Amino acid sequence: MGGEPAKWVSMVTARTPTNIAVIKYWGKRDETLILPINDSISVTLDPNHLCTTTTVSCSPSFDQDRMWLNGKEISLQGGRFQSCLREIRARAQDVEDEKKGIKIKKEDWQNLHLHIASYNNFPTAAGLASSAAGLACLVFSLAKLMNLKEDNSQLSAIARQGSGSACRSLYGGFVKWVMGKEDNGSDSLAVQLADEKHWDELVIIIAVVSARQKETSSTSGMRDTVETSALIQHRAKEVVPKRIIQMEDAIQKRDFPSFARLACTDSNQFHAVCLDTYPPIFYMNDTSHRIISCVEKWNRAEGTPQVAYTFDAGPNAVMIARNRKTAALLLQRLLYNFPPQSDTDLDSYIIGDKSILEDAG
Ligand code: ADP
Ligand code: DP6
Ligand code: CO
């Protein structure tokens, strides 16, 4: 047979969970490097539930870098994708796979093109941190494909340049994004505060109030906030530094009342800052507010918090129950107050493990 010799394809697939901040990142001091104005703390979700799966491949037969998100081709021209690709290519190593007859020298990576296909198994751009799972997964899978020697903390500083919240998805458990002091961003990276086993009685329940794409992306929302809100400076300089210390302490001690109080008040302050932005940004809707009231009433009636809530840049509720029993009772309450397919707009209500309902007794 004549013609071109068969060309090889090298491929890696990775799966990365999303993370939800309990002390929020909102506001940048450097838009290009994505350097934040305060530290933040998050919890990484179970990778079996909300996650991104990304396959990256390279081949001499590809003539340009291309990417598909949820089956639709998207442009890789944006500065953030380009920053991640540049940083990873600069650290790429030799790759040799004798079985497949693949031999790539590190300098070859500058000219080899990539095809990337990524799927989110949860709503994209709806305030459930798809950019966090998505960009962390992109960086992680490319690092494997190109045989990078960097550890997760160094990879987190690359993922940060794709989307700030992504740096925290490189670790499981409780994670802090240290804002750092350097202008070049070298010390703005994620550190693990506690692994996934440290506080494993907590149960996270997500109520999808709306799967629709938000009107204001996190990126443009926080830019407007930094430009127009006076409250954000007070938050970043006075409020968050104290909360970070208190939250780290609550996590170490597994002190649920303090954890819940800090997470709820921080979420509320983040949304207050959005309201203080001009023009104001409304990420929560009436259903979100009703969920907050429902949890607050219950916590008050119990005398001590049973459930913490937090809302990212969207109307969807993330609730953290102190144990399985509480989570089961919470689910019952949600199903009663927001029956699916009713006239409330809580259209699809729970993502996760519904077998937990059996624990309600
Ligand atoms: P979210 O609240 O979901 O994080 P953002 O406004 O922060 O919303 O970011 C949404 C953007 O993140 C999408 O428009 C897309 O550009 C990017 N994104 C989401 N998922 C992925 C993915 N799996 N791979 C690459 N980029 C992604
Ligand atoms: C409300 O990380 O999505 O979820 O850095 O511009 O990509 P960019 O923004 P993004 O912002 C997340 C904001 C938040 C809070 C948080 O995750 O800490
Ligand atoms: Co995001």
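Me: Helices here are DSSP runs of H or I, at least four residues long, numbered from the N terminus. With that settled, which helix gives the most to the shell around ligand 1?
Reply: This is a predicted model, by the way. Both β11 (113–120) and α2 (130–145) supply at least two residues of the shell around ligand 1. The biggest share, six residues, comes from α2.

Me: How do the residues of the shell around ligand 1 divide by class?
Reply: There are 21 residues around ligand 1, and S130, S131, G134, S217 and S218 are the ones that come nearest. Sorted by class, the shell around ligand 1 holds nine nonpolar, eleven polar and one charged.

Me: And around ligand 2, which residues come nearest?
Reply: By class, the shell around ligand 2 is made of six nonpolar, seven polar and two charged residues. Of the 15 residues there, the nearest are A21, Y25, S163, G164 and S165.

Me: Let's go to the largest nonpolar core. What gives the most to this core?
Reply: The core has 99 residues, and the members touching the most others are A136, V139, I205 and M319. M319, for one, is in contact with I205, A207, V295, V307, A308, Y309 and L330, once its neighbours within four places in sequence are left aside. The top contributor to the core, with eleven residues, is α2.

Me: Helix α4 next: within what arc do its buried residues fall?
Reply: The buried residues of α4 (residues 218–228) are S218, G221, M222 and T225. Looking down the axis, they line one face of the helix, because they fall within an arc of 90°.

Me: Which residues are exposed on the other side of α4?
Reply: The buried residues of α4 are covered by elements including β3 (28–30), α2, α5 (231–253) and α6 (256–275). On the other side, the exposed ones are S220 and E227.

Me: Is K181 buried or exposed?
Reply: K181 sits in the loop between β12 (174–178) and β13 (189–194). Its C-alpha atom is 9.3 Å from that of L35, although the two are 146 residues apart along the chain. The cut-off for this class is 12 or fewer other C-beta atoms within 10 Å. K181 has 9 such neighbours, so it counts as exposed.

Me: Which loop holds P279, the one with the cis peptide bond?
Reply: The bond from Y278 to P279 is cis, with omega near -5°. P279 is in the loop between α6 and α7 (286–302).

Me: What is the phi of N70, roughly?
Reply: N70 is in the loop between β7 (66–69) and β8 (72–74). N70 is partly exposed, with 13 other C-beta atoms within 10 Å. Its phi is positive, though N70 is a residue other than glycine, at near 50°.

Me: And what is the phi of A125?
Reply: A125 lies in the loop between β11 and α2, and is partly exposed, with 17 other C-beta atoms within 10 Å. A125 is not a glycine either, yet it has a positive phi of about 60°.

Me: How far apart do the end C-alpha atoms of residues 85–112 lie?
Reply: An unreviewed UniProt entry places the feature "coiled-coil region" at these residues. In the model the span is 25% helix and 21% strand. The separation of its end C-alpha atoms is 12 Å.

Notes. Residues numbered from 1 in each chain as written. Chains lettered and ligands numbered in written order. Predicted model: local features only at pLDDT ≥ 70, side-chain atom pairs only at ≥ 80, totals over all residues. Near = placed C-beta within 6 Å. Nonpolar A, V, L, I, M, F, W, Y, C, P; charged D, E, K, R; others polar. Core = buried A, V, L, I, M, F, W, Y, C linked by C-beta atoms within 7 Å. Buried ≥ 20, exposed ≤ 12 C-beta atoms within 10 Å, placed from the backbone. Contact = placed C-beta atoms within 7 Å. UniProt positions renumbered as here; feature names shortened; annotations may be inferred. Arc of directions from axis to C-beta.
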